Amino acid sequence: MRVRELMTQNPVCCLLSDVAQTVAQILRDEDIGSMPVVSDGEQKRLEGIITDRDLCCRMVAQGLDPKFTPIAAYMTRNPVTCRAEQSLDSCVKLMQVHQIRRILVVDQDARCIGILAQADLTRSRESDKVQRTVAEISKPSETIITAPDAA
């Protein structure tokens with residue numbers, strides 16, 4: 001199975017120049033938790049991804065005014081991506097390795113053409129793949145504990 005068979009095509013995107021309030025309104029209106037950030041509305045060249053968590057925990061928690069705060073500094077640049085013609089297995093492996101719940105799909109010119117979410121995987125007939133992916137994505141990150149410096 002190929003990524004194109006399960007991905008959401010032409011995802012709703014926001015612009016690099018958008019402010020937090022605009023992005024939050026789009027997320028709310030579209031009932032989504034993340035959105036690709038593109039350079040412009042026509043070419044849709046991928047610049048990054050912004051999530052509802054970025055808006056809440058990175059901007060609002062700092063007391064920044066969402067009416068005037070551009071998202072560019074708070075989005076994730078260079079997100080993990082895949083291609084529509086890629087095998088679903090290879091894309092799922094990327095999601096597992098990077099512990100991400102969604103992966104952006106780009107074309108050969110780095111234009112955002114789709115998104116594959118963990119929820120999309122449930123539409124596949126391979127329930128074991130879905131279970132493995134959810135388990136891998138949900139693992140706690142490894143924390144390295146270092147001993148305090150000796151004085």
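Modeller: Helices here are DSSP runs of H or I with at least four residues, strands are runs of E with at least two, and both are numbered from the N terminus. This is a predicted model, so local features need pLDDT of at least 70 and side-chain atom pairs count only at pLDDT 80 or more, while totals for chains, interfaces and linings use all residues. Residues are numbered from 1 along each chain as its sequence is written, and side-chain values use heavy atoms, with hydrogens and water left out.

Biologist: Which residues of α3 are buried?

Modeller: L88, C91, V92, M95 and Q96. Buried means under 20% relative accessible area, exposed over 50%, partly exposed in between (1.4 Å probe, protein chains only).

Biologist: What makes up the largest nonpolar core?

Modeller: It has 13 residues, and L116 and L121 have the most contacts inside it. α3 and β7 each give two or more residues, with α3 giving the most, four. Such a core is a set of buried Ala, Val, Leu, Ile, Met, Phe, Trp, Tyr and Cys residues joined through side-chain atoms within 4.5 Å.

Biologist: Where is confidence lowest, by helix or strand?

Modeller: In helix α5, at a mean pLDDT of 65; pLDDT is the predictor's confidence in each residue, from 0 to 100.
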